[in-house]
Every structure is written in structure tokens, then in C-alpha cells.
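Work through the exercises below with the sequence and the model open. Try each task before you read its solution.

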Amino acid sequence: ENALYVVATPIGNLGDITLRALETLRGVDLVACEDTRHARHLLDHHGIKVPTLALHQHNENEAAEKLIRLLGEGKRVALVSDAGTPGVSDPGARAVAAVRAAGFRVIPLPGPNAAIAAMSAAGLADQRFLFAGFLPAKVGARKTAIAQLAAVDAALVFYEAPHRVMETVAELVALLQPQREIVIARELTKLFEQIERMPLPVAPAWLAADANHQRGEFVLVVSAPPAREGMDAETERVLAALLTELP
Ligand code: SAM
């Protein structure tokens with residue numbers, strides 16, 4: 001079927017690719033990818049000889065036009081990013097929107113995603129969570145963003161780069177309640193994978209304790225804020241009262 005197939009690819013371990021992803025990549029006419037060299041590496045690894053087209057944040061609109069032209073000619077196109085799920089803190093969303101607006105089908109092939117992998121091993125997964133992705137790079141904007149998230153009644157999931165992880169964690173400690181816990185998940189699915197759960201205020205010392213703790217790719221999961229007993233009891237009382245009024 002001529003459609004845009006949005007294909008999740010490994011976040012480290014090359015084995016993390018689905019049978020359906022491989023079958024689809026083999027069957028398409030073109031693979032649109034964030035970085036052609038990166039995609040070539042994955043395709044070569046599986047002996048797949050499909051042409052590639054660069055689609056990154058600087059050419060996403062033009063590349064989308066090309067995809068739409070090809071889809072119009074009845075071609076099948078796949079979209080991959082450098083790692084994990086396209087469109088999640090990665091290019092793809094604009095191209096997908098354009099393809100959908102042009103009336104073509106977009107078919108997701110689910111697979112690796114760093115946030116979900118971290119959540120699944122964090123032990124906080126029975127709570128609500130908010131995927132915050134990367135915080136702003138500028139200090140002021142970053143602090144504002146964290147301060148706004150502080151009030152959200154859910155676990156928070158962040159992506160962070162190694163050169164900024166110390167700074168970000170220090171700001172989380174400064175701006176979030178000290179009763180919250182953090183799971184630091186680094187190098188997921190890779191050789192030096194590490195997933196550590198600790199009280200949030202302890203995290204800066206844990207990172208500083210070993211240079212290796214600051215290396216690699218990070219997902220930070222912060223548990224939901226502690227329940228405010230008083231308000232919850234009041235909310236419950238009001239809810240109970242309202243429920244008796246409902247038909
Ligand atoms: N699209 C990807 C996904 O579905 O997870 C995310 C791409 S984003 C540009 C890259 C960020 O994701 C990294 O800076 C890191 O925060 C996180 N990440 C990706 N791979 C990871 C891994 N193996 N371990 C921990 N975090 C990872």
C-alpha cells in the first residue's frame with residue numbers, strides 16, 4: 001500500500017528492531033531518514049538496499065513535499081530517525097502532518113523509545129507521567145519550564161545530554177519537592193546501561209561520585225509530587241457530595 005510507514009529503530013542495541021520493521025524497510029521504495037549515513041549503517045547491517053533521502057529539521061518541509069510527490073506516484077515510503085521513534089524529540093512530526101494533510105495514509109510501526117524503556121524499568125509506571133523531552137537550553141527558560149512542571153500531578157520524564165545532566169539535575173533539586181524520587185537511566189540497551197533510583201536530593205552527589213555516571217545518553221524520570229493529604233481529603237469530600245447530586 002502506498003503509505004508513509006513511520007518506523008521505530010534501535011536506541012542502542014541493534015537487536016531491538018521488530019520483524020515488521022525489517023519487512024517494511026525491505027519493501028519500501030525510499031527510506032526518509034534524519035541522517036543518511038546513520039540509516040545506511042542500519043540498512044546495510046540487515047542487507048537492505050533501498051535508496052535514502054535526508055529529512056532533518058532544516059529541510060523537513062521540502063523533504064515532505066518530495067514524499068508527497070512519491071506517494072502520489074503510488075510509491076511506498078518509510079520514515080526513520082537516528083534512534084527510537086521518529087517524531088519523539090526527533091524530526092518527523094511536520095512531515096507526518098503534511099503527508100496526512102495531503103490525504104495519504106500514515107502507518108506507525110511501534111518499537112524502541114527511550115522514555116518508555118526508562119519508564120518500564122523505573123518502577124513508577126503505575127502513575128501518570130508527563131513526557132517533557134528536552135528542557136530548553138537557556139538557563140532562564142529551563143528554570144521557568146521546571147517551575148511550571150513542578151505543579152503537575154504526574155511523574156516527569158526528561159531527555160538530557162551528558163554535558164548538561166549535572167546542571168539540569170541541580171535545577172530539578174532546587175525547584176521540585178525534596179520528597180520526590182528520581183530514576184537516572186543512562187545508556188539504555190547498551191553495554192554500560194545503568195538504571196538507578198534514589199531520592200531526588202541525592203542525585204547531584206550520585207552523579208558527581210563517578211565520572212562514568214555523567215557519560216552517555218540520559219532519561220531522567222522524576223516521581224509524582226507527594227499527595228497533599230489535606231487538599232485530597234477536601235477534593236474527595238466535594239467529589240462525594242457532587243456524585244450524590246448526579247442523576
Ligand atoms: N526518538 C528517540 C526516542 O524515541 O527515544 C529520542 C531521540 S532524542 C534526539 C535523543 C535523546 O533520547 C538522548 O539525548 C537521550 O536523552 C534519549 N536517549 C536515546 N537513546 C537513549 C539510550 N539508549 N539511553 C538513554 N537515553 C537515550
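**Exercise 1. The whole chain**

How many helices and how many strands are there in the protein chain?

Solution. Start with the ground rules. This is a predicted model, in which local features need pLDDT of at least 70 and side-chain atom pairs count only at pLDDT 80 or more, while totals for chains, interfaces and linings use all residues. Residues are numbered from 1 along each chain as its sequence is written.

Now count. The protein chain has 9 helices and 10 strands. Helices (H or I, at least four residues) and strands (E, at least two) are DSSP runs, numbered from the N terminus.

Next, the extent. The C-alpha trace spans about 60 × 60 × 35 Å along its principal axes.

Last, burial. Of the 247 residues, 30% count as buried. Buried takes 20 or more other C-beta atoms within 10 Å of a residue's own, exposed takes 12 or fewer, and partly exposed lies in between; C-beta atoms are placed from the backbone.

**Exercise 2. The two sides of α4**

Find which residues of helix α4 are buried, and which exposed residues sit on the face turned away from them.

Solution. Take residues 93–101, which form α4. Ala-95, Val-96 and Val-99 are buried there. These three lie on the same side of α4 because they cover an arc of only 100° around the axis. The arc is taken from the directions from the helix axis to the C-beta atoms.

Turn to the opposite face. It carries the exposed residues Ala-93 and Ala-101.

Then list the partners. The buried residues of α4 pack against β1 (4–7), α3 (60–72), β4 (77–80) and β5 (106–109). Contact means C-beta atoms, placed from the backbone, within 7 Å.

Finish at the end of the helix. Gly-103 follows α4, and its phi is positive, near 95°.

**Exercise 3. Around the ligand**

Name the closest residues to the ligand, then sort the shell by class.

Solution. The ligand is surrounded by 24 residues. Here a residue counts if its C-beta atom, placed from the backbone, lies within 6 Å of the molecule. The closest are Gly-84, Ala-114, Tyr-159, Leu-188 and Glu-217.

Now sort. The shell has 11 nonpolar, 7 polar and 6 charged residues. Ala, Val, Leu, Ile, Met, Phe, Trp, Tyr, Cys and Pro count as nonpolar, Asp, Glu, Lys and Arg as charged, and the others, Gly among them, as polar.

Methods:
Two residues are in contact if their C-beta atoms, placed from the backbone, lie within 7 Å.
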